Amino acid sequence: MNLQFTIDILLLAFMAVIAIAVVRMRDLFGVAMLFSAFSLLSAGVFTVMDAADVAFTEAAVGAGISTILILATLTRTAREEKPRKSRDPRVPLLVVTVTGALLMFGTSDLPRLGDPNAPIHTHVAPRYILESPKEIGIPNIVTSVLASYRGYDTLGETTVIFTAGVAVMALLGIRRRRRREGDEKEPD
Amino acid sequence: MKFLQLYNYEIAIFLAMAGFYVVVSRGNLVKKIAGLSMFQTSVFILYISMGVVTGGTVPIIIEGAISYSNPLPHVLILTAIVVGVATTAVALSLIIRINEAYGTVEEDEIHKQDESF
Amino acid sequence: MLHHTVLRVVAKLLIPVILLFALYVQFHGDYSPGGGFQAGVIFAAGIILYALIFGLEDTMEALPPGVLKILSASGVLIYAGVGLETIILGGNYLDYNFLAHEPTHGQHLGIFLVELGVGTTVFSTMLLLYYAFAGREPGQ
(Lines give C-alpha, C1' and ligand atoms only; values in the text may rest on other atoms or scores of the structure.)
Protein backbone atom coordinates (compact mmCIF):
# COMPACT_ATOMS: atom_id res chain seq x y z
CA MET A 1 0.00 0.00 0.00
CA ASN A 2 2.79 2.40 0.83
CA LEU A 3 4.66 1.64 -2.37
CA GLN A 4 1.49 2.06 -4.37
CA PHE A 5 0.86 5.42 -2.77
CA THR A 6 4.45 6.58 -3.47
CA ILE A 7 4.38 5.57 -7.13
CA ASP A 8 0.97 7.14 -7.55
CA ILE A 9 2.07 10.48 -6.09
CA LEU A 10 5.31 10.49 -8.12
CA LEU A 11 3.52 9.83 -11.41
CA LEU A 12 0.87 12.45 -10.71
CA ALA A 13 3.56 14.99 -9.77
CA PHE A 14 5.33 14.33 -13.08
CA MET A 15 2.05 14.83 -14.89
CA ALA A 16 1.50 18.15 -13.10
CA VAL A 17 4.94 19.35 -14.18
CA ILE A 18 4.23 18.31 -17.76
CA ALA A 19 0.89 20.11 -17.71
CA ILE A 20 2.52 23.36 -16.61
CA ALA A 21 5.21 22.94 -19.27
CA VAL A 22 2.56 22.47 -21.97
CA VAL A 23 0.90 25.73 -20.91
CA ARG A 24 4.15 27.67 -21.13
CA MET A 25 5.80 26.11 -24.17
CA ARG A 26 5.51 27.77 -27.55
CA ASP A 27 7.28 25.24 -29.75
CA LEU A 28 4.45 23.02 -30.94
CA PHE A 29 6.51 19.91 -31.64
CA GLY A 30 7.59 20.03 -28.02
CA VAL A 31 3.95 20.33 -27.00
CA ALA A 32 3.10 17.22 -29.03
CA MET A 33 5.89 15.20 -27.42
CA LEU A 34 4.92 16.37 -23.93
CA PHE A 35 1.34 15.40 -24.68
CA SER A 36 2.54 11.92 -25.59
CA ALA A 37 4.52 11.69 -22.34
CA PHE A 38 1.43 12.87 -20.43
CA SER A 39 -0.64 10.05 -21.94
CA LEU A 40 2.01 7.46 -21.15
CA LEU A 41 2.29 8.59 -17.53
CA SER A 42 -1.47 8.48 -17.18
CA ALA A 43 -1.32 4.87 -18.42
CA GLY A 44 1.13 4.25 -15.57
CA VAL A 45 -1.31 5.82 -13.10
CA PHE A 46 -4.09 3.60 -14.40
CA THR A 47 -1.91 0.52 -13.90
CA VAL A 48 -1.13 1.49 -10.31
CA MET A 49 -4.86 1.88 -9.72
CA ASP A 50 -5.60 -1.70 -10.90
CA ALA A 51 -7.18 -0.71 -14.22
CA ALA A 52 -5.29 -2.92 -16.66
CA ASP A 53 -7.59 -2.68 -19.70
CA VAL A 54 -7.82 1.09 -19.40
CA ALA A 55 -4.03 1.45 -19.12
CA PHE A 56 -3.57 -0.70 -22.22
CA THR A 57 -6.02 1.38 -24.23
CA GLU A 58 -4.73 4.73 -23.03
CA ALA A 59 -1.11 3.84 -23.79
CA ALA A 60 -1.94 2.59 -27.28
CA VAL A 61 -4.44 5.31 -28.17
CA GLY A 62 -3.06 8.36 -26.37
CA ALA A 63 0.65 7.87 -26.80
CA GLY A 64 0.26 6.26 -30.20
CA ILE A 65 -2.59 7.37 -32.45
CA SER A 66 -3.34 10.78 -30.93
CA THR A 67 0.29 11.87 -31.01
CA ILE A 68 0.73 10.71 -34.62
CA LEU A 69 -2.33 12.68 -35.69
CA ILE A 70 -1.18 15.85 -33.90
CA LEU A 71 2.28 15.54 -35.46
CA ALA A 72 0.76 15.01 -38.90
CA THR A 73 -1.35 18.15 -38.42
CA LEU A 74 1.68 20.13 -37.30
CA THR A 75 3.67 19.30 -40.42
CA ARG A 76 0.88 20.84 -42.49
CA THR A 77 0.33 23.94 -40.35
CA ALA A 78 2.54 26.21 -38.30
CA ARG A 79 5.33 24.93 -36.06
CA GLU A 80 5.39 27.67 -33.47
CA GLU A 81 2.69 29.43 -31.57
CA LYS A 82 2.58 33.16 -32.07
CA PRO A 83 2.26 35.24 -28.88
CA ARG A 84 -1.11 36.68 -28.19
CA LYS A 85 -1.19 40.46 -28.25
CA SER A 86 -4.61 41.67 -27.36
CA ARG A 87 -6.09 39.54 -24.62
CA ASP A 88 -5.72 40.13 -20.89
CA PRO A 89 -4.15 37.04 -19.29
CA ARG A 90 -5.88 37.49 -15.96
CA VAL A 91 -9.46 36.74 -17.03
CA PRO A 92 -8.82 33.13 -18.13
CA LEU A 93 -6.78 32.57 -14.98
CA LEU A 94 -9.70 33.80 -12.87
CA VAL A 95 -12.18 31.57 -14.70
CA VAL A 96 -9.93 28.55 -14.32
CA THR A 97 -9.28 29.19 -10.63
CA VAL A 98 -12.97 29.64 -9.83
CA THR A 99 -13.88 26.47 -11.72
CA GLY A 100 -11.13 24.50 -10.01
CA ALA A 101 -12.15 25.72 -6.56
CA LEU A 102 -15.79 24.82 -7.20
CA LEU A 103 -14.80 21.33 -8.38
CA MET A 104 -12.60 20.73 -5.37
CA PHE A 105 -15.38 21.87 -3.09
CA GLY A 106 -17.78 19.55 -4.91
CA THR A 107 -15.55 16.49 -4.66
CA SER A 108 -14.75 17.02 -1.00
CA ASP A 109 -17.82 15.02 -0.02
CA LEU A 110 -16.72 11.87 -1.79
CA PRO A 111 -15.79 8.86 0.34
CA ARG A 112 -12.18 8.15 1.16
CA LEU A 113 -10.10 6.72 -1.72
CA GLY A 114 -10.45 2.95 -1.89
CA ASP A 115 -13.18 2.58 0.71
CA PRO A 116 -14.83 -0.81 0.10
CA ASN A 117 -18.11 0.38 1.59
CA ALA A 118 -18.53 3.34 -0.72
CA PRO A 119 -21.92 3.38 -2.48
CA ILE A 120 -20.25 2.87 -5.86
CA HIS A 121 -19.07 -0.59 -4.79
CA THR A 122 -22.24 -1.88 -3.15
CA HIS A 123 -25.06 -1.54 -5.65
CA VAL A 124 -24.42 -2.90 -9.16
CA ALA A 125 -20.77 -3.99 -9.13
CA PRO A 126 -21.13 -6.98 -6.72
CA ARG A 127 -23.82 -8.42 -8.97
CA TYR A 128 -21.52 -8.31 -11.98
CA ILE A 129 -18.53 -9.66 -10.07
CA LEU A 130 -20.50 -12.56 -8.56
CA GLU A 131 -22.72 -13.49 -11.50
CA SER A 132 -20.28 -13.08 -14.36
CA PRO A 133 -18.42 -16.39 -13.83
CA LYS A 134 -21.72 -18.26 -13.67
CA GLU A 135 -23.66 -16.56 -16.44
CA ILE A 136 -20.86 -15.86 -18.90
CA GLY A 137 -17.91 -17.87 -17.74
CA ILE A 138 -14.94 -15.81 -18.83
CA PRO A 139 -12.38 -14.55 -16.30
CA ASN A 140 -12.07 -10.96 -17.55
CA ILE A 141 -15.00 -9.15 -15.96
CA VAL A 142 -14.35 -5.94 -17.91
CA THR A 143 -14.72 -7.78 -21.24
CA SER A 144 -17.86 -9.54 -20.09
CA VAL A 145 -19.45 -6.28 -18.96
CA LEU A 146 -18.31 -4.46 -22.09
CA ALA A 147 -19.38 -7.06 -24.63
CA SER A 148 -22.30 -8.79 -23.00
CA TYR A 149 -23.95 -6.90 -20.13
CA ARG A 150 -23.47 -3.47 -21.74
CA GLY A 151 -23.36 -4.60 -25.35
CA TYR A 152 -25.51 -1.76 -26.67
CA ASP A 153 -23.03 0.85 -25.51
CA THR A 154 -20.22 -0.92 -27.33
CA LEU A 155 -22.32 -1.06 -30.49
CA GLY A 156 -22.83 2.70 -30.22
CA GLU A 157 -19.13 3.22 -29.66
CA THR A 158 -18.20 1.20 -32.74
CA THR A 159 -20.63 3.27 -34.76
CA VAL A 160 -19.02 6.45 -33.41
CA ILE A 161 -15.59 5.29 -34.54
CA PHE A 162 -16.93 4.43 -37.97
CA THR A 163 -18.65 7.82 -38.19
CA ALA A 164 -15.41 9.59 -37.29
CA GLY A 165 -13.68 7.72 -40.12
CA VAL A 166 -16.43 8.79 -42.52
CA ALA A 167 -16.21 12.41 -41.33
CA VAL A 168 -12.44 12.59 -41.78
CA MET A 169 -12.69 11.10 -45.23
CA ALA A 170 -15.38 13.60 -46.16
CA LEU A 171 -13.17 16.45 -44.92
CA LEU A 172 -9.77 15.35 -46.14
CA GLY A 173 -10.18 12.53 -48.60
CA ILE A 174 -7.57 9.97 -49.51
CA ARG A 175 -5.43 10.57 -52.52
CA ARG A 176 -3.79 7.42 -53.78
CA ARG A 177 -0.07 8.15 -54.05
CA ARG A 178 1.62 6.44 -56.93
CA ARG A 179 5.22 5.43 -56.59
CA ARG A 180 7.49 7.54 -58.75
CA GLU A 181 10.68 6.15 -60.26
CA GLY A 182 13.84 6.68 -58.26
CA ASP A 183 11.92 7.91 -55.24
CA GLU A 184 13.98 7.25 -52.12
CA LYS A 185 12.51 9.87 -49.80
CA GLU A 186 10.38 8.93 -46.84
CA PRO A 187 7.19 10.88 -46.09
CA ASP A 188 6.56 13.01 -43.01
CA MET B 1 -7.56 15.71 7.12
CA LYS B 2 -10.31 14.49 4.85
CA PHE B 3 -8.97 16.86 2.22
CA LEU B 4 -5.56 15.17 2.21
CA GLN B 5 -7.09 11.72 1.78
CA LEU B 6 -8.61 12.72 -1.54
CA TYR B 7 -5.28 13.66 -3.14
CA ASN B 8 -6.02 11.76 -6.36
CA TYR B 9 -9.12 13.81 -7.04
CA GLU B 10 -7.41 17.08 -6.33
CA ILE B 11 -4.42 16.46 -8.55
CA ALA B 12 -6.75 15.25 -11.30
CA ILE B 13 -8.75 18.48 -10.98
CA PHE B 14 -5.52 20.50 -11.15
CA LEU B 15 -4.49 18.71 -14.35
CA ALA B 16 -7.95 19.24 -15.81
CA MET B 17 -7.78 22.93 -15.02
CA ALA B 18 -4.35 23.17 -16.69
CA GLY B 19 -5.82 21.67 -19.85
CA PHE B 20 -8.83 23.98 -19.57
CA TYR B 21 -6.52 27.00 -19.24
CA VAL B 22 -4.74 25.99 -22.45
CA VAL B 23 -8.08 25.84 -24.27
CA VAL B 24 -9.30 29.18 -22.98
CA SER B 25 -6.23 31.35 -23.08
CA ARG B 26 -4.06 30.25 -25.98
CA GLY B 27 -4.76 31.23 -29.55
CA ASN B 28 -3.21 28.41 -31.57
CA LEU B 29 -5.86 25.89 -32.58
CA VAL B 30 -3.61 22.81 -32.48
CA LYS B 31 -2.49 23.64 -28.96
CA LYS B 32 -6.12 24.02 -27.94
CA ILE B 33 -6.86 20.52 -29.16
CA ALA B 34 -3.86 19.14 -27.27
CA GLY B 35 -5.08 20.92 -24.12
CA LEU B 36 -8.59 19.54 -24.59
CA SER B 37 -7.21 16.03 -24.90
CA MET B 38 -5.19 16.50 -21.72
CA PHE B 39 -8.38 17.68 -20.00
CA GLN B 40 -10.12 14.47 -21.08
CA THR B 41 -7.28 12.31 -19.77
CA SER B 42 -7.39 13.98 -16.35
CA VAL B 43 -11.14 13.38 -16.13
CA PHE B 44 -10.43 9.70 -16.79
CA ILE B 45 -8.01 9.69 -13.85
CA LEU B 46 -10.78 11.17 -11.69
CA TYR B 47 -13.18 8.39 -12.67
CA ILE B 48 -10.74 5.53 -12.28
CA SER B 49 -9.76 6.80 -8.82
CA MET B 50 -13.37 6.33 -7.79
CA GLY B 51 -13.23 2.67 -8.73
CA VAL B 52 -10.20 1.71 -6.63
CA VAL B 53 -10.80 -0.74 -3.78
CA THR B 54 -8.14 -1.02 -1.07
CA GLY B 55 -6.74 -4.55 -1.08
CA GLY B 56 -8.43 -5.32 -4.36
CA THR B 57 -6.82 -6.48 -7.54
CA VAL B 58 -7.35 -6.20 -11.29
CA PRO B 59 -10.94 -7.29 -12.13
CA ILE B 60 -9.95 -10.64 -13.65
CA ILE B 61 -11.14 -13.71 -11.77
CA ILE B 62 -8.15 -15.61 -10.39
CA GLU B 63 -7.63 -18.00 -7.49
CA GLY B 64 -6.94 -16.48 -4.13
CA ALA B 65 -8.14 -12.96 -4.74
CA ILE B 66 -10.10 -11.42 -1.90
CA SER B 67 -11.78 -8.51 -3.64
CA TYR B 68 -11.67 -6.92 -7.05
CA SER B 69 -11.66 -3.34 -8.25
CA ASN B 70 -14.94 -2.04 -9.53
CA PRO B 71 -15.17 -2.96 -13.23
CA LEU B 72 -17.87 -0.46 -14.17
CA PRO B 73 -15.72 2.71 -14.30
CA HIS B 74 -13.19 0.77 -16.40
CA VAL B 75 -15.85 -0.05 -18.98
CA LEU B 76 -17.09 3.53 -19.17
CA ILE B 77 -13.61 4.97 -19.50
CA LEU B 78 -12.65 2.44 -22.20
CA THR B 79 -15.50 3.75 -24.32
CA ALA B 80 -14.65 7.34 -23.46
CA ILE B 81 -11.00 7.00 -24.49
CA VAL B 82 -11.81 5.72 -27.95
CA VAL B 83 -14.58 8.25 -28.50
CA GLY B 84 -12.13 10.95 -27.39
CA VAL B 85 -9.59 10.00 -30.01
CA ALA B 86 -12.32 9.92 -32.65
CA THR B 87 -13.38 13.49 -31.84
CA THR B 88 -9.74 14.62 -31.70
CA ALA B 89 -9.17 13.20 -35.18
CA VAL B 90 -12.20 15.03 -36.62
CA ALA B 91 -11.11 18.28 -34.91
CA LEU B 92 -7.58 18.01 -36.32
CA SER B 93 -8.86 17.39 -39.84
CA LEU B 94 -11.04 20.51 -39.48
CA ILE B 95 -7.91 22.43 -38.45
CA ILE B 96 -6.10 21.26 -41.58
CA ARG B 97 -8.97 22.52 -43.73
CA ILE B 98 -9.07 25.82 -41.81
CA ASN B 99 -5.38 26.28 -42.45
CA GLU B 100 -5.90 25.75 -46.15
CA ALA B 101 -8.83 28.16 -46.26
CA TYR B 102 -7.44 30.99 -44.09
CA GLY B 103 -3.69 30.47 -44.31
CA THR B 104 -3.24 30.44 -40.55
CA VAL B 105 -4.26 28.57 -37.41
CA GLU B 106 -4.08 31.49 -35.00
CA GLU B 107 -7.47 32.41 -33.65
CA ASP B 108 -6.91 36.20 -33.76
CA GLU B 109 -5.93 36.22 -37.40
CA ILE B 110 -8.86 34.03 -38.37
CA HIS B 111 -11.28 36.35 -36.60
CA LYS B 112 -9.70 39.33 -38.33
CA GLN B 113 -10.07 37.74 -41.72
CA ASP B 114 -13.66 36.84 -41.01
CA GLU B 115 -14.46 40.24 -39.48
CA SER B 116 -16.38 38.53 -36.71
CA PHE B 117 -16.53 40.05 -33.21
CA MET C 1 24.02 2.97 -47.84
CA LEU C 2 20.27 3.29 -47.55
CA HIS C 3 18.72 6.05 -45.50
CA HIS C 4 18.07 5.18 -41.88
CA THR C 5 19.58 1.69 -41.97
CA VAL C 6 19.18 1.08 -38.25
CA LEU C 7 15.51 2.04 -38.37
CA ARG C 8 14.81 -0.24 -41.30
CA VAL C 9 16.52 -3.27 -39.80
CA VAL C 10 14.90 -2.87 -36.38
CA ALA C 11 11.48 -2.24 -37.94
CA LYS C 12 11.76 -5.39 -40.02
CA LEU C 13 12.40 -7.34 -36.85
CA LEU C 14 9.72 -5.63 -34.77
CA ILE C 15 6.72 -5.23 -37.06
CA PRO C 16 5.82 -8.94 -37.33
CA VAL C 17 6.07 -9.24 -33.54
CA ILE C 18 3.79 -6.21 -33.10
CA LEU C 19 1.17 -7.65 -35.45
CA LEU C 20 1.35 -11.03 -33.76
CA PHE C 21 0.96 -9.39 -30.37
CA ALA C 22 -2.09 -7.53 -31.63
CA LEU C 23 -3.70 -10.79 -32.68
CA TYR C 24 -2.82 -12.31 -29.30
CA VAL C 25 -4.46 -9.40 -27.47
CA GLN C 26 -7.57 -9.71 -29.65
CA PHE C 27 -8.18 -13.36 -29.01
CA HIS C 28 -7.07 -13.49 -25.37
CA GLY C 29 -9.33 -10.67 -24.33
CA ASP C 30 -11.32 -13.14 -22.28
CA TYR C 31 -8.45 -14.29 -20.09
CA SER C 32 -6.18 -11.28 -19.76
CA PRO C 33 -6.52 -7.53 -20.27
CA GLY C 34 -7.27 -6.92 -23.89
CA GLY C 35 -10.09 -7.11 -26.35
CA GLY C 36 -11.13 -5.54 -29.61
CA PHE C 37 -10.15 -1.90 -29.09
CA GLN C 38 -6.62 -2.49 -27.88
CA ALA C 39 -5.95 -5.07 -30.57
CA GLY C 40 -7.21 -2.86 -33.38
CA VAL C 41 -5.10 0.08 -32.24
CA ILE C 42 -1.93 -2.00 -31.82
CA PHE C 43 -2.39 -3.55 -35.25
CA ALA C 44 -2.85 -0.12 -36.80
CA ALA C 45 0.22 1.15 -34.92
CA GLY C 46 2.32 -1.63 -36.43
CA ILE C 47 1.19 -0.76 -39.95
CA ILE C 48 1.73 2.97 -39.29
CA LEU C 49 5.28 2.18 -38.17
CA TYR C 50 5.82 0.42 -41.47
CA ALA C 51 4.39 3.39 -43.36
CA LEU C 52 6.63 5.83 -41.48
CA ILE C 53 9.81 3.98 -42.33
CA PHE C 54 9.21 2.39 -45.70
CA GLY C 55 6.94 4.96 -47.34
CA LEU C 56 3.25 5.62 -47.66
CA GLU C 57 3.10 4.45 -51.29
CA ASP C 58 4.22 0.93 -50.44
CA THR C 59 1.75 0.73 -47.60
CA MET C 60 -1.09 1.92 -49.82
CA GLU C 61 -0.23 -0.79 -52.31
CA ALA C 62 -0.24 -3.44 -49.61
CA LEU C 63 -3.44 -2.21 -47.93
CA PRO C 64 -5.48 -0.20 -50.44
CA PRO C 65 -7.89 2.39 -49.02
CA GLY C 66 -10.85 0.73 -50.77
CA VAL C 67 -10.30 -2.51 -48.86
CA LEU C 68 -10.00 -0.60 -45.60
CA LYS C 69 -13.26 1.22 -46.21
CA ILE C 70 -15.02 -2.11 -46.80
CA LEU C 71 -13.43 -3.59 -43.66
CA SER C 72 -14.44 -0.71 -41.45
CA ALA C 73 -18.07 -0.93 -42.51
CA SER C 74 -18.15 -4.71 -42.20
CA GLY C 75 -16.93 -4.54 -38.60
CA VAL C 76 -20.03 -2.58 -37.60
CA LEU C 77 -22.14 -4.94 -39.70
CA ILE C 78 -20.72 -8.01 -37.94
CA TYR C 79 -21.65 -6.50 -34.59
CA ALA C 80 -25.17 -5.56 -35.64
CA GLY C 81 -25.52 -8.85 -37.48
CA VAL C 82 -24.88 -10.85 -34.32
CA GLY C 83 -27.81 -9.03 -32.75
CA LEU C 84 -30.07 -9.82 -35.69
CA GLU C 85 -28.97 -13.45 -35.57
CA THR C 86 -30.11 -13.72 -31.96
CA ILE C 87 -33.50 -12.28 -32.92
CA ILE C 88 -33.79 -14.87 -35.70
CA LEU C 89 -32.94 -17.63 -33.25
CA GLY C 90 -35.70 -16.53 -30.90
CA GLY C 91 -34.25 -14.18 -28.29
CA ASN C 92 -33.92 -10.44 -27.82
CA TYR C 93 -31.46 -8.24 -29.70
CA LEU C 94 -27.89 -9.12 -28.68
CA ASP C 95 -29.05 -11.88 -26.32
CA TYR C 96 -26.12 -14.26 -26.72
CA ASN C 97 -27.74 -17.10 -24.80
CA PHE C 98 -29.55 -18.22 -27.95
CA LEU C 99 -26.47 -18.58 -30.14
CA ALA C 100 -25.62 -22.12 -29.01
CA HIS C 101 -27.25 -25.03 -27.25
CA GLU C 102 -25.85 -23.98 -23.87
CA PRO C 103 -25.97 -20.37 -22.54
CA THR C 104 -22.29 -20.06 -21.58
CA HIS C 105 -21.20 -21.39 -24.97
CA GLY C 106 -23.50 -18.90 -26.60
CA GLN C 107 -21.96 -16.11 -24.55
CA HIS C 108 -18.43 -17.17 -25.52
CA LEU C 109 -19.36 -17.25 -29.20
CA GLY C 110 -21.20 -13.96 -29.02
CA ILE C 111 -18.36 -12.16 -27.27
CA PHE C 112 -15.83 -13.61 -29.73
CA LEU C 113 -17.75 -12.40 -32.77
CA VAL C 114 -18.50 -9.02 -31.28
CA GLU C 115 -14.87 -8.36 -30.34
CA LEU C 116 -13.86 -9.42 -33.84
CA GLY C 117 -16.20 -6.82 -35.30
CA VAL C 118 -14.94 -4.12 -32.97
CA GLY C 119 -11.28 -4.93 -33.67
CA THR C 120 -11.80 -4.84 -37.43
CA THR C 121 -13.55 -1.48 -37.37
CA VAL C 122 -11.01 0.12 -35.03
CA PHE C 123 -8.02 -1.13 -37.04
CA SER C 124 -9.32 -0.03 -40.42
CA THR C 125 -10.58 3.34 -39.16
CA MET C 126 -7.29 4.22 -37.46
CA LEU C 127 -5.37 3.29 -40.59
CA LEU C 128 -7.73 5.31 -42.78
CA LEU C 129 -7.26 8.31 -40.49
CA TYR C 130 -3.51 7.99 -40.91
CA TYR C 131 -3.83 7.72 -44.69
CA ALA C 132 -6.01 10.84 -44.80
CA PHE C 133 -3.61 12.88 -42.62
CA ALA C 134 -0.31 11.72 -44.04
CA GLY C 135 -1.38 11.69 -47.66
CA ARG C 136 -2.29 15.33 -47.63
CA GLU C 137 0.32 17.36 -49.48
CA PRO C 138 1.34 20.55 -47.67
CA GLY C 139 -0.28 23.49 -49.35
CA GLN C 140 -2.73 21.37 -51.33
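A crossing of two helices is termed left-handed if the near helix is turned anticlockwise from the far one by less than a right angle. In the predicted model described here, the crossing of H7(A) with H4(C) meets this description and is left-handed. The axes of H7(A) and of helix H4 of chain C, residues 65–88, come within 10 Å and cross at roughly 165°. Angles over 145 degrees count as roughly antiparallel, and H7(A) and H4(C) are therefore roughly antiparallel to each other. On the chain A side, the helices meet through A:Leu155, A:Thr158, A:Thr159, A:Phe162 and A:Gly165 of H7(A). The residues that H4(C) presents to them are C:Ser72, C:Ala73, C:Gly75, C:Val76, C:Tyr79 and C:Ala80. By class, this contact of H7(A) with H4(C) comprises 6 nonpolar and 5 polar residues, with no charged ones.

A helix pair within chain C was also examined. Helix H1 of chain C, residues 5–27, and helix H2 of chain C, residues 36–54, have axes that come within 8 Å and cross at roughly 165°. H1(C) and H2(C) are therefore roughly antiparallel to each other, and their crossing is left-handed. From H1(C), the contact draws on C:Leu7, C:Arg8, C:Ala11, C:Ile15, C:Ile18, C:Leu19, C:Phe21, C:Ala22, C:Val25 and C:Gln26. H2(C) contributes C:Gly36, C:Gln38, C:Ala39, C:Ile42, C:Phe43, C:Ala45, C:Gly46, C:Leu49, C:Tyr50 and C:Ile53. The contact of H1(C) with H2(C) holds 15 nonpolar, 4 polar and 1 charged residues.

Between chains A and B, 77 residues of chain A are in contact with 70 residues of chain B. At least two residues of the chain A side are supplied by each of helices H1 (2–24), H2 (28–48), H3 (52–76), H4 (90–106), H5 (125–135), H6 (141–149) and H7 (151–171) of chain A. H3(A) gives the most to this side, with 14 residues. The side of chain A that touches chain B divides into 51 nonpolar, 15 polar and 11 charged residues. The contact between chains C and B takes 5 residues from chain C and 6 residues from chain B. The chain C side of that contact has 3 nonpolar, 1 polar and 1 charged residues.

Helix H1 of chain A was considered individually. At 1.5 Å a residue, the 23 residues of H1(A) should span 33 Å, and its end C-alpha atoms are 34 Å apart, which agrees. Buried positions in H1(A) are A:Asp8, A:Leu11, A:Leu12, A:Met15, A:Ala19 and A:Val22. An α-helix has 3.6 residues a turn, so residues three or four places apart point the same way. The cover over the buried residues of H1(A) includes H2 of chain A, together with helix H2 (7–25) and helix H3 (29–50) of chain B. H3(B) has 22 residues and reaches 32 Å from its first C-alpha to its last, close to the 32 Å expected at 1.5 Å a residue. H3(B) is mostly covered, with 18 of its 22 residues buried.

A:Gln4 is also placed in helix H1 of chain A. This residue counts as partly exposed because it has 14 C-beta neighbours inside 10 Å. A:Gln4 and A:Val124 are 120 residues apart along the chain, and their C-alpha atoms are separated by 27 Å.

Terms used: Residues are numbered from 1 along each chain as its sequence is written. Chains are lettered from A and ligands numbered from 1 in the order in which they are written. This is a predicted model: local features need pLDDT of at least 70, side-chain atom pairs count only at pLDDT 80 or more; totals for chains, interfaces and linings use all residues. Axes are lines fitted to C-alpha atoms, for helices over the stretch in contact, and angles run from 0 to 180 degrees between N-to-C directions. Helices (H or I, at least four residues) and strands (E, at least two) are DSSP runs, numbered from the N terminus. Angles under 35 degrees count as roughly parallel, over 145 as roughly antiparallel, 65 to 115 as roughly perpendicular and the rest as oblique. Two residues are in contact if their C-beta atoms, placed from the backbone, lie within 7 Å. Ala, Val, Leu, Ile, Met, Phe, Trp, Tyr, Cys and Pro count as nonpolar, Asp, Glu, Lys and Arg as charged, and the others, Gly among them, as polar. The expected span of a helix is 1.5 Å times one less than its number of residues. A residue is buried if 20 or more other C-beta atoms lie within 10 Å of its own, exposed if 12 or fewer, and partly exposed in between; C-beta atoms are placed from the backbone.
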